[in-house]
Amino acid sequence: MSRAADAAAVLTLEASRWQLHADRHRIELTPRPRRSCPDCRGAGGWWGDDANPEMEACGCWATRQELHVRLLPVPAWPDEEPF
């Protein structure tokens with residue numbers, strides 16, 4: 001792919017409702033909150049009114065599936081330090 005195509009793909013993902021993470025071990029697409037959501041208005045959720053408030057995630061992104069593609073296996077950590 002050319003650099004222009006790479007830049008166009010990055011801009012498209014930034015403008016969309018997906019976040020891209022790529023490294024040599026995996027490619028991940030994770031959903032982001034919609035800016036036009038009438039419930040959360042792009043914030044991704046809201047805080048509850050309880051004594052110990054917890055954030056409640058909005059359905060505009062929390063119920064959507066993530067996409068994971070494994071590329072290379074992650075190397076195993078050695079049991080002992082090398083000397």
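This is a predicted model: local features need pLDDT of at least 70, side-chain atom pairs count only at pLDDT 80 or more; totals for chains, interfaces and linings use all residues.
Colleague: How many bridges join β2 to β5, and how do the strands run?
Modeller: Strands are DSSP runs of E, at least two residues long, numbered from the N terminus. Two strands pair if DSSP finds at least two bridges between them. Here, four bridges join β2 to β5, and the two strands run antiparallel. Numbering starts from 1 along each chain as its sequence is written, and side-chain values use heavy atoms, leaving out hydrogens and water.

Colleague: What joins β1 to β2?
Modeller: A hairpin, through three residues. Strand β1 covers residues 18-22, and five bridges tie β1 to β2 in an antiparallel pairing. A22 stands opposite I27 of β2.

Colleague: In what order do the strands of the sheet come?
Modeller: The order is β1-β2-β5, an open sheet of three strands with antiparallel pairing. β1 and β5 (67-70) are the edges; each has a single partner strand, so one side of each lacks a neighbour in the sheet. From one strand to the next, the twist averages 10 degrees, taken between N-to-C directions of lines fitted to C-alpha atoms, on a scale of 0 to 180 degrees.

Colleague: Is T30 buried or exposed?
Modeller: Buried means under 20% relative accessible area, exposed over 50%, partly exposed in between (1.4 Å probe, protein chains only). T30 lies in β2. T30 counts as buried because its relative accessible area is 16%. Leaving aside residues up to four places away in sequence, T30 touches R17, W18, Q19 and E66 (heavy atoms within 4.5 Å).

Colleague: And where is I27?
Modeller: Also in β2, which spans residues 26-31. I27 has a relative accessible area of 32%, so this residue is partly exposed.

Colleague: Which residues form the nonpolar patch on the surface?
Modeller: Patch residues have over 30% relative accessible area and no salt bridge; nonpolar side chains (Val, Leu, Ile, Met, Phe, Trp, Tyr) are joined within 5 Å, like charges within 9 Å. A salt bridge puts a side-chain nitrogen of Lys or Arg within 4 Å of a carboxyl oxygen of Asp or Glu. Here the patch is L20, I27, L67, V69, L71 and L72, with about 470 Å² of accessible area together (Shrake-Rupley method, 1.4 Å probe).

Colleague: What is the phi of R41?
Modeller: Most residues other than glycine have a negative phi. R41 is not a glycine, yet its phi is positive, about 55 degrees. R41 sits in the loop between β2 and β3 (45-47). Its relative accessibility is 67%, so R41 is exposed.
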